[in-house]
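I opened my notebook to look a structure over.

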Amino acid sequence: MTKEELLSKLKTIVTPYVQNTEGLNALNENTDFIKDLEINSANLVDVVLDVEDEFDIEIDNEAMEKMIDVKSSIAVIESKLAAK
Amino acid sequence: MIGNDIVDLKLAQKQSNWQRKGWLQKIFTLREQEQIQLAKQPELEVWKLWSRKEAAYKVHQRRFNLQPKYNPKSLECVDHLVQIDDSVYNCETQLTDDWVYSIATSSSKNPISKVFDHNRVRDELKLWFSDFLSIPESSCSIVKNLNRIPLLRTENGSEFSNFSITHHGDFSAFSIDL
C-alpha cells in the first residue's frame, strides 16, 4: 500500500470525528488530530478501533499512545502491516 | 500543579458509543472495567473515570513538561486517587445532570475553580487573572508552550502556568492553583 493510499484511508477514518473541517481539507502528514482537526480526545480511541478494523491489525497501548497525529499514525500502521 | 476536565454528558452520549467492542478495553484497566460494570449507572461511571484520568494526565504532563501522548490506560483511578508511573494525584469530581467535572492536583491545597455554561473559558480566565493582578484584561494573553501546555502571559512578561482549562459541548471550566 502506498503512502497516498494510507493517507487517503486514514482521512476517511477520521472524517466522522473531525470538528474542524478546514483542518480536514488541509490534511497532510503534519496534521495533529486534536490541535488541527479538533477531534475530541474520547474519540481518538474510535479512530484507533477503526484503524484496527480497516487494516486488520492490532494496536497495543504502546502504539496507541503515539497516534495523535497523521505522521505517527501512518508509521504505526506501516509497522503493524509489515509485521503481519 | 493542577489539571481539570469537563464532560458534557448529552454530547458525550452523541459522540461516543462506550459499548462499542474494544472501547472500554482500550481506555480502562481491568479494575476500572469491573467498576464500570458493577456501577448502577455504567455510562456515568465511564465519564467520571474518564474525566479523572484526563484531569490527572494534565497535571502529570504539566509537572514534568511531557510531550502529548494518548494512553489513558496508563492512568488508573482508585477511588479519588489517580496513579500514573510513580505519581499519585488527588481528584475531586463534581456532578450535575448535565456534566461531570474533575479537578486533579499534585498537592492538597484548595484550588479555585469555576464552571461555565458557555465556551468562552479563555476570556473568563483572562478576566480572572486581570482582576487578581490588577492589570487590564487586554494585557493578558494565553499562549501554549512546545508541549501545548497553556500559559498565561502578561504584557510585562510574567507567566503563569498554575491553571488548567477545559471545554466540551455547552460547558467549560477553569481551575487555578495559587
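**Entry 1: confidence**

What is the mean pLDDT of chain B, and what share of its residues reach 70 or more? I looked this up before anything else, as the model is predicted. The mean for chain B is 96. In chain B, 99% of the residues reach 70 or more.

Chain A came next. Chain A also averages 96, and 100% of its residues score at least 70. For the model as a whole I noted ipTM 0.93 and pTM 0.95. I also wrote myself a reminder: where pLDDT is low, the coordinates should not be read in detail.

**Entry 2: hairpins in chain B**

I started with strand S2 (residues 75–78) and strand S3 (residues 81–84) of chain B. They run antiparallel and are joined by 4 bridges. I picked out one pair: B:Leu75 has B:Ile84 in S3(B) as its bridge partner. There are 2 residues between S2(B) and S3(B) in their hairpin. There, B:Asp79 takes a positive phi near 55°.

I then followed S3(B) onward. S3(B) pairs with strand S4 (residues 87–95) of chain B, antiparallel, over 4 bridges. B:Gln83 stands opposite B:Val88 in S4(B). The hairpin of S3(B) and S4(B) has 2 residues between the strands, and B:Asp85 has a positive phi near 50°.

How many bridges join S10(B) to S11(B)? I counted 6, and the two strands run antiparallel. In this pairing B:Ile165 stands opposite B:Phe174 in S11(B). The hairpin of S10(B) and S11(B) has 2 residues between the strands, and B:Gly169 takes a positive phi near 60°.

**Entry 3: helix H5 of chain B**

Helix H5 of chain B covers residues 121–133, which is 13 residues. From first C-alpha to last, H5(B) reaches 18 Å, close to the 18 Å expected at 1.5 Å a residue.

Which residues of H5(B) are buried? I listed B:Val121, B:Leu125, B:Lys126 and B:Phe129. They are on the same side of H5(B), because they cover an arc of only 140° around the axis. I checked what covers them. The cover includes strands S6 (112–116), S7 (140–144), S8 (150–154), S9 (159–160), S10 (163–168) and S11 (171–176) of chain B. After H5(B) comes B:Ser134, with a positive phi near 50°.

**Entry 4: B:Ile149**

I found B:Ile149 in the loop between S7 and S8 of chain B. Is B:Ile149 buried or partly exposed? It has 16 other C-beta atoms within 10 Å, so B:Ile149 is partly exposed. Being buried would take 20 or more.

I listed its contacts, leaving out residues up to four places away in sequence. B:Ile149 touches B:Gln61, B:Arg62, B:Asn65, B:Lys144 and B:Ser161. I also checked B:Glu137. B:Ile149 and B:Glu137 are 12 residues apart in sequence and 21 Å apart in space, C-alpha to C-alpha.

**Entry 5: where the chains touch**

I ended with the interface. Here 14 residues of chain A are in contact with 16 residues of chain B. On the side of chain A that touches chain B, helix H3 (44–55) and helix H4 (61–64) each supply at least two residues. H3(A) gives the most, with 4 residues. By class, this side of chain A has 8 nonpolar, 4 polar and 2 charged residues.

Definitions and conventions. Residues numbered from 1 in each chain as written. Chains lettered and ligands numbered in written order. Predicted model: local features only at pLDDT ≥ 70, side-chain atom pairs only at ≥ 80, totals over all residues. Expected span 1.5 Å × (residues − 1). Buried ≥ 20, exposed ≤ 12 C-beta atoms within 10 Å, placed from the backbone. Arc of directions from axis to C-beta. Contact = placed C-beta atoms within 7 Å. Nonpolar A, V, L, I, M, F, W, Y, C, P; charged D, E, K, R; others polar. pLDDT = per-residue confidence, 0-100. Pairing = 2+ DSSP bridges.
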